[in-house]
Amino acid sequence: MPRILSIDYGLKRTGIAVTDPFQIIASGLTTVESPKLIPFLKDYFSKETVELIIIGEPKNWDDTDTHATPLVKKIIEKLKKEFPAMPIKTVDERYTSKMASQAMIEMGLKKKQRQNKALVDEIAATIMLQEYLQRMG
């Protein structure tokens with residue numbers, strides 16, 4: 001079965017998570033520099049079958065766009081151009097970074113490790129994907 005891939009896109013870094021082939025478990029894959037996202041995905045898609053990309057859509061508490069929303073809309077357009085056959089869904093990412101930080105505390109990571117923004121992004125992508133799987137399941 002194909003995987004689902006989750007993207008937590010940011011100006012500098014992008015956290016990426018994927019499901020297992022049975023789409024049961026979401027796992028952090030990596031964090032890439034945002035300008036290298038498309039080449040990374042081209043390489044990944046050449047090795048793995050992915051049926052859907054979900055990408056976090058930044059919104060304020062009142063559902064208005066944040067400063068990062070246009071950035072995400074731009075990368076979605078780029079993804080659609082590069083991978084026209086790949087469905088892309090946006091998901092609410094409002095709490096994911098906070099939840100990622102909380103998860104890191106619960107995992108017993110030291111403060112220095114919790115300040116690793118790349119790890120926060122990867123965990124945020126994983127949380128988005130896990131929530132998506134729970135809603136679909």
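Strands S2 and S3 (residues 26–33) pair in the antiparallel sense over 7 bridges; helices (H or I, at least four residues) and strands (E, at least two) are DSSP runs numbered from the N terminus, and two strands pair if DSSP finds at least two bridges between them. The structure is a predicted model, in which local features need pLDDT of at least 70 and side-chain atom pairs count only at pLDDT 80 or more, while totals for chains, interfaces and linings use all residues. Residues are numbered from 1 along each chain as its sequence is written, and side-chain values use heavy atoms, with hydrogens and water left out.

Gln23, in the loop between S2 and S3, has a phi near 60 degrees, a positive value in a residue other than glycine. Most residues other than glycine have a negative phi. At 19% relative accessibility, Gln23 counts as buried, where buried means under 20% relative accessible area, exposed over 50%, and partly exposed in between (1.4 Å probe, protein chains only). Ile25 is found in the loop between S2 and S3 as well, but at 49% relative accessibility Ile25 counts as partly exposed.

Ile25 also belongs to a nonpolar surface patch with Met1, Phe22 and Ile24, and together these residues have about 490 Å² of accessible area. Accessible areas come from the Shrake-Rupley method with a 1.4 Å probe, and for residues only the protein chains shown count as cover. Patches are made of residues with over 30% relative accessible area and no salt bridge, like charges being joined within 9 Å and nonpolar side chains (Val, Leu, Ile, Met, Phe, Trp, Tyr) within 5 Å; a salt bridge is a side-chain nitrogen of Lys or Arg within 4 Å of a carboxyl oxygen of Asp or Glu.

Strand S2 (residues 13–19) is largely enclosed by the rest of the structure, because 6 of its 7 residues are buried. S2 is joined to strand S1 (residues 3–9) by 5 bridges, and these strands run antiparallel. Tyr9 has Thr14 in S2 as its bridge partner, and a hairpin of 3 residues connects S1 to S2.

Overall, 5 strands form an open sheet of mixed pairing in the order S3-S2-S1-S4-S5. Its edge strands are S3 and S5 (88–92), each of which pairs on one side only. Neighbouring strands of this sheet are turned by 25 degrees against each other on average, direction ignored.

Two helices lie across the strands. Helix H2 (residues 69–82) lies across S1, S4 and S5, running at about 165 degrees to S4. Axes are lines fitted to C-alpha atoms, for helices over the stretch in contact, and angles run from 0 to 180 degrees between N-to-C directions. In the loop between S4 and H2 lies Asp63, which has a positive phi near 75 degrees and is partly exposed, with a relative accessible area of 48%.

Helix H5 (residues 117–136) lies across S1, S2, S3, S4 and S5, at about 40 degrees to S2. Leu129, located in H5, is buried, with a relative accessible area of 0%. Leaving aside neighbours within four places in sequence, Leu129 is in contact (heavy atoms within 4.5 Å) with Ile4, Ser6, Ala17, Val18, Thr19, Ala26 and Ile54. Leu129 and Val18 are 111 residues apart in sequence and 7.4 Å apart in space, C-alpha to C-alpha.
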